[in-house]
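I opened this notebook to record what I looked up in a two-chain model. The entries follow the order in which I consulted it.

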Amino acid sequence: MTEALIVSILIITIRAGTSLLYATLGEIYTERVGILNLGVEGIMMMGAATAFAVSYHSGSAWIGLLGAVLVGGLLALIHAFLSNTMRADQVVSGLALTIFGTGLASFMGQRLGPGGTTMVGLQGPKFVRTPLPLLSDIPILGPSFFNQDVLTYGLYLLLPLLWFFLYRTQPGLHLRAVGEKPLAADAMGVPVIRTRYIYTIFGGMLMGVAGAHLSLGYLQGWADNITGGRGWIAIALVIFATWDPLRAVIGAMLFGGINAIQFRMQAAGTTIPAPFLNMMPYIFTIVVLVIITWWEAISKRLGAPAALGLPYAREEKH
Amino acid sequence: MTLKTLWKSAALLMVLALAITACGGGQAEVEEPSEELKVAFIYIGQPGDLGWTYEHERGRLMLEEELGDQVETVTVPDVPEGPDAEKAIRDVVNNGADVVFTTSFGYMDPTLTVAEENSDVIFEHCSGFKTAENMSTYFGRIYQPRYLSGLVAGSMTEANLIGYVAAFPIPEVVRGINAFTLGVREVNPDAEVRVVWTNTWYDPVKEREAAEALLDEGADIIAQHQDTTEPQKAAQERGALSIGYDSDMAQFVGDTVLTSPIWNWGTYYVDTVGKVIDGSWETHQFWGGLADGVVELAELSPRVPADVASKVESEHTRIVSGEWDVFCGPINAQDGSVKIADGECMSDGDMLSMDWFVEGVVGTLEE
């Protein structure tokens, strides 16, 4: 492999992985606090549609991003309300959110262009790739890691912060406690319901950014069904990463990069059956799932948060 | 999650699914007898895709314009291929449709099933091969304008490398790649066409990634057989040229789209519905070409030089006149062996089951 090929594969892998990683981090924070949000696909779709519509009409990609964050948070708030306050089934609420978000985004796409026409095919403000001075001169790593758009750079900062917050701070400890043993957390004086609201909404905001990266950074435009199931991949990635923000990076790059790599191999005239390569990330996910389910010692350390998907009420014993 | 909650969730999901189904069927209204012929269109995507469905929608609008009060049309967008399609087709029939156009290959069996149950309704399935007393097929020889677009690409590539983003390795797509490549090699025997399979008709992200992979390999023109404009946009952002498909993609992307092989269903829809109205409709298998107007080459970009345009024009005339078609020999297979001898032409049957590449294509059909 030549240097140019390695760089081009790295660039595309990081770009393709960016939106997946935002969504996965959002879902990790949500699940860590005990809420299962299957609405990722719908929230991403709404994030993408909102980001494009708002930036197109305001003329600023940043305002579009803000719109996506707000919409993501708002949709997650609906899920938080249904799961925490109404104590509804989280699977159903999440699926409903996906159906709702996908439909509404498609509707917005048909109506929010100039004069109530379609948004498909419009050119709007975008986050273009900008090389960072000095850093981008490093061989191989420079042009691949430091020649990206601002949302990817944001991820470089956010990732260590999210990890540190989760494992090394007191609010992070509370967050995990609420997801593992809400009753104990409650007894410690941690407001379980409020904590769950906060991080579910925060997770939704990250999913909104994931959508915004598709329509403002990666594709630079709106297309119907733009996420193409990537929200579901993010949910699988949470398991793949065993609920750890840093391990999510590997998964996101693997899932994101696999297509880009197999397309490049095809373009270069190599033949590895595409369906086989496409299968790989899912096989890994199933393997991880099987291991953490059947192997108790590992399950305790790496398994799902114990209270995942269970509504909390003080009177009930878990 | 405990087993109990899982069961509960599953039960709730079933209820939800039922509720959605019920909502979907809720459009049933009391039918008033009317003189209008009710014509329904089942779409795989949204008319706003600017590609495949957009072109069928243009055809429907032309039908409404031409036949006015004689017809009333309805559309059902975003119908997935498979069991959902059967339900969607049955719904429009139950709501009084007299003619149903089902516009995706995967609707073939569902269309046939519903057709067999409703002998008083006429069904028209696009791109398939199964027919019945009350069910016909229709499609177009898009390979003809694809060949013409190949002439443009072959003349204008400087790298002698053209990328082709392709959906699935099925005869329809293979035929398109071959016709395009024959056009390319007609004017530029040194050029080659590289194929990348995406294994999807519609996924803007994958379509873009495939186009970028080809651009990274050094292709300076991108052609495609997909449903969105994303490969065209990817090429433009890299300063490369492209050939569109389905609709005149230059209107949405700009003049870097040199031309597009396009569908033009309007005439066929008007003709067919006209025949239903005057009672002369019969089961048929329509496969029209440039001469019938059902397929066309979009207007050439101002970037295309005049001599290339005149070459396209003369080949166009040759095809329309019927004296020659794209798959008339001599044609070599990918490995250089003679596939079709000089003076021979492929039969429609052979064309419809094409599973080999012509010389000049780089790519594989093994999946």
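The entries below cover confidence, domains, sheets, helix packing, the chain contact and local backbone geometry.

**Conventions and confidence**

I noted that this is a predicted model, in which local features need pLDDT of at least 70, side-chain atom pairs count only at pLDDT 80 or more, and totals for chains, interfaces and linings use all residues. Residues are numbered from 1 along each chain as its sequence is written, while chains are lettered from A and ligands numbered from 1 in the order in which they are written.

I read the overall scores as ipTM 0.87 and pTM 0.86. Two residues are in contact if their C-beta atoms, placed from the backbone, lie within 7 Å. Where pLDDT is low, predicted coordinates should not be read in detail.

**Domains of chain B**

I looked up the domain assignment, whose bounds come from an automatic or database source. Domain 1 of chain B spans 34-140 + 265-292, and domain 2 spans 143-260 + 298-362. Their centres, taken over C-alpha atoms, are 28 Å apart. I recorded 12 residues of domain 1 in contact with 15 residues of domain 2. Helix H2 (residues 52-67) of chain B gives the most to the domain 1 side, with 3 residues. That side divides into 6 nonpolar, 4 polar and 2 charged residues. In this classification Ala, Val, Leu, Ile, Met, Phe, Trp, Tyr, Cys and Pro count as nonpolar, Asp, Glu, Lys and Arg as charged, and the others, Gly among them, as polar.

Helices (H or I, at least four residues) and strands (E, at least two) are DSSP runs, numbered from the N terminus.

**First sheet entry**

I traced an open sheet of 6 strands in chain B, ordered E2-E1-E3-E4-E5-E12, with parallel pairing. Two strands pair if DSSP finds at least two bridges between them. Strand E2 (71-76) and strand E12 (285-288) of chain B are the edges, each pairing on one side only. From one strand to the next the twist averages 20°. Strand E5 (residues 135-140) of chain B pairs with E12(B) in the parallel sense over 4 bridges, and B:Gly140 stands opposite B:Gly288 in E12(B).

I then examined the helices beside it. H4(B) lies across strand E3 (99-102), strand E4 (122-126) and E5 of chain B, and runs at about 170° to E4(B). Axes are lines fitted to C-alpha atoms, for helices over the stretch in contact, and angles run from 0 to 180 degrees between N-to-C directions.

Which residues of H3(B) meet H4(B)? I listed B:Ala85, B:Glu86, B:Ile89, B:Arg90 and B:Val93 in H3(B), facing B:Pro110, B:Thr111, B:Thr113 and B:Val114 in H4(B). By class, this contact has 5 nonpolar, 2 polar and 2 charged residues. Helix H3 (residues 83-94) and helix H4 (residues 108-117) of chain B pack at about 35°, with axes 8 Å apart.

Strand E9 (residues 241-243) of chain B joins E10(B) through 2 bridges and runs parallel to E10(B); B:Ser242 stands opposite B:Val257 in E10(B).

**Chain A against chain B**

I counted 35 residues of chain A in contact with 36 residues of chain B. H4(A) gives the most to the chain A side, with 7 residues. That side comprises 19 nonpolar, 13 polar and 3 charged residues.

**Backbone geometry**

Most residues other than glycine have a negative phi, and most peptide bonds are trans. I noted a cis peptide bond joining B:Gly329 and B:Pro330, with omega about 5°. B:Pro330 is in the loop between helix H11 (306-321) and strand E14 (331-332) of chain B. A:Trp243 has a positive phi near 60°, and lies in the loop between helix H10 (230-240) and H11 of chain A.
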